Amino acid sequence: MTYFPEEVVEHIVDFLGSHRDRNAVSTVCKAWYQVERLSRRNVFVGNCYAIRPERVMARFPWMKSLGVKGKPHFADFNLVPYDWGGFAQPWIEAAARGCPGLEELRLKRMVVTDDDLELLARSFPSFKSLVLVSCEGFSTDGLAAIATYCRGLRELDLQENEVEDHGRQWLSCFPDSCTSLVSLNFACLKGEINTNALERLVARCPDLRSLKLNRAISVESLNRILARAPHLVDLGTGSMMVNHHTEAYHRLINAFLGCKSLRSLSGFWDASSCCLQAVYPVCVNLTALNLSYAPAIQGDDLIKLICLCFKLQKLWVLDCIGDKGLAAVASTCKDLQELRVFPSDIYGAGTTAVTEEGLVAISSGCSKLNSLLYFCYQMTNTALVTVAKNCPHFTRFRLCILDPGKPDPVTDQPLDEGFGAIVRSCKNLRRLSLSGLLTDKVFLYIGMHAEHLEMLSIAFAGDSDKGMVYVLNGCKNLRKLEIRDCPFGDDALLKDVTKYETMRSLWMSSCDVTLGGCRALAAKMPSLNVEIINESDEADEFQENLSDLHKVEKLYVYRTVARGRTDAPDFVWIL
Amino acid sequence: MSTTETGCSSTEPEVTGGLGYAETELTLGLPGAGGSRPSETDRKRGFAEAVGLNLEAASRGEHCGARSSDSSDGPVSGAVKPSAAKAQVVGWPPVRSFRRNALRSCTYVKVAVDGAPYLRKVDLEAHGGYEQLLAALEEMFSCFTVRHYPDERRLVDPVNGTEYVPTYEDKDGDWMLVGDVPWKMFVASCKRLRLMKSSDAINLATRMPQECSNK
């Protein structure tokens, strides 16, 4: 038997970056497991309830970077009750005890409290980077603790969190000795900021490359900041409300003229078309542009701006760009890889928006496109077939037709064939979201062709259990399946229960699964947590009193080595 | 806040002479609709059945909110959200709360009335269109009643007969007549509202949106 000294194994394993490769290596034998676990620096836990935090810290004591995700994806759309779970506390506490060398923490969809942030700030002397995405439960007091105690902080990145505003002092808590910031993003904060403190902070951090301001920061303040940080690569503006007759506007023009390194722009809160001229000088170098919070920027002014951005790789816009605007993108942005078109009119009847025409135009102009999120009013099979032919490189394809269950308006047919073309053509498709009128057939196509599909989101689709079974049988690499308002029931759920052990999670809401079906699943698969989320009045009923025929409103199933949950609220039943 | 039913008056717009100048006749129609009523297709999109903005429906005496199934649910205070079953599906369209709130939260604007001692605030996005907004204003300043002109409404103080024309300040700092631009564009660009005495309003010019980019 060949013998590799540990040092050699360690050296080889060091070359392995991806979690998957390292996970594979660790299963070879005990020796390799040991070498791998002691040398792992980045740990990613996709579901915080899949394993207890202490086990993670014990296995990887020299971990430098930890990422944890909490609530299921549909929590983004208010389908998961507020206090369902996903608490950061046990993770931060366990890390403070077991991995004091931690440098980076990234949390997504978790509940983080001010106490958690204070513990974090005080427990890790080498802490460098905190990234919170779609989290909630904390206030600016927690941020003050981070600013105060994290010496050498390089990154504080707050993306779309719900943060309670307890005042503007938190930013002043960065001591004068803090000069290490590289990235600061507080765009999601709603409250006022101490702009003097911000400007001084920016001035004393020579390595600052990414700065994303919130809506409370005025153009006047932005001008001063840009004057002190002309080397910014990534900028999120604050409020862009400015009258182009004013001094502030002229200063803005000059400020942007000085930003030679700027490659990514976002923010544009309250921006109207008249501020756009100021950013023309940087457009030619932009690789990323996010105008999706600027509903007043549209029409010809938007097109004029787009036509300057020929190096764009990533574009996020609102649907008021219209098909015409997308045609301009198609003819200008030949390097475009990622496009997101968000709905500007969420609540009511629409005005100018995008249709299948815009998407077809994009596909014929931007052959490098690999990631799409597209909200539109209608889609045709013909268009999808064309898009599939033009863009075979999609790894992420998310289409949301705003009217649930809407057929192809030209033929009145379901969109099975269109999506079928997408999965046939895009061999590397990893993520897919469906919408429109869809029968079981589309799931047959997905099961047959979407070999690398890892995440599938389904809403208001399908005819019968067969649809779900096609997917479970066919998609060998499926990790996350989330379904709402589809006629899938117990037969589909129980067809292949071992499949769920190969997946991270399954979500089903407003489908046809019953309590009996869920009980059966839980009984057969102890390695899964089968959670019923029961928000109706019947939640007062004890679970035992409900019959097997009771329809389950929300079901969340996930593999876990931590049986059950200690922190589940009353309305969550773990069978 | 008033707690009466939707304040949308439903009498048919009457044909009167207005200011008497055909060219300066003020309209609430979408640009290009001319002097005629805005066609239904201009107004109806998407969840068409649910949106109450329909002058013909108004002329039949229905409340603006009547088509929305929830209009019987008590105080609406002028906010008529299209509430078809589709529009009220939880979590649909799948847009993150942060984004929903961010695009919604800034639409409260101050409303001033010439001669009134206090200001009010109104959430523009709470209304589906110009009709509902004016109805809300009427409720808010309940001393006024609404007088109808072809495709236009003015608020009238019945005590002295003074007419008020709704105007707004846009993002460029210019004062505009309410109703010229599509509703969505108005909501996005309106910074505040002012009910101006119609005698003062004659001097406001209608400005086409393209002018901005020519500067």
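Predicted model: local features only at pLDDT ≥ 70, side-chain atom pairs only at ≥ 80, totals over all residues.
Chain B was examined as a whole. Its secondary structure comprises 7 helices and 7 strands. Read from the N terminus, the order of elements is α-α-α-β-β-α-β-β-β-β-α-β-α-α. The chain has 215 residues, and 48% of them are buried. Contacts in chain B between residues at least 6 apart in sequence were also sorted by separation; 57% of them link residues at least 24 apart. The accessible surface of chain B amounts to about 10,100 Å². Carbon and sulfur atoms account for 51% of that surface.

In chain A, a nonpolar patch lies on the surface. A:Phe4, A:Val8 and A:Ile12 make up this patch. Together they present about 250 Å² of accessible area. A:Val8 sits in helix α1, which spans residues 6-14 of chain A. The relative accessible area of A:Val8 is 33%. A:Val8 therefore counts as partly exposed, since that class lies between the 20% and 50% limits.

A:Glu136 has a relative accessibility of 16% and so counts as buried, the cut-off being under 20%. Beyond its neighbours within four places in sequence, A:Glu136 contacts A:Lys71, A:Tyr82, A:Met110, A:Val111, A:Val112 and A:Glu162.

Notes. Residues numbered from 1 in each chain as written. Chains lettered and ligands numbered in written order. Heavy atoms only, no water. Patch = residues over 30% accessible without salt bridge, like charges linked within 9 Å, V, L, I, M, F, W, Y side chains within 5 Å. Areas by Shrake-Rupley, 256 points an atom, 1.4 Å probe, with all protein chains shown as cover. Salt bridge = Lys/Arg side-chain N within 4 Å of Asp/Glu carboxyl O. Helix = DSSP H or I, 4+ residues; strand = E, 2+ residues; numbered from the N terminus. Buried < 20%, exposed > 50% of the residue type's maximum accessible area, 1.4 Å probe, protein only. Contact = heavy atoms within 4.5 Å.
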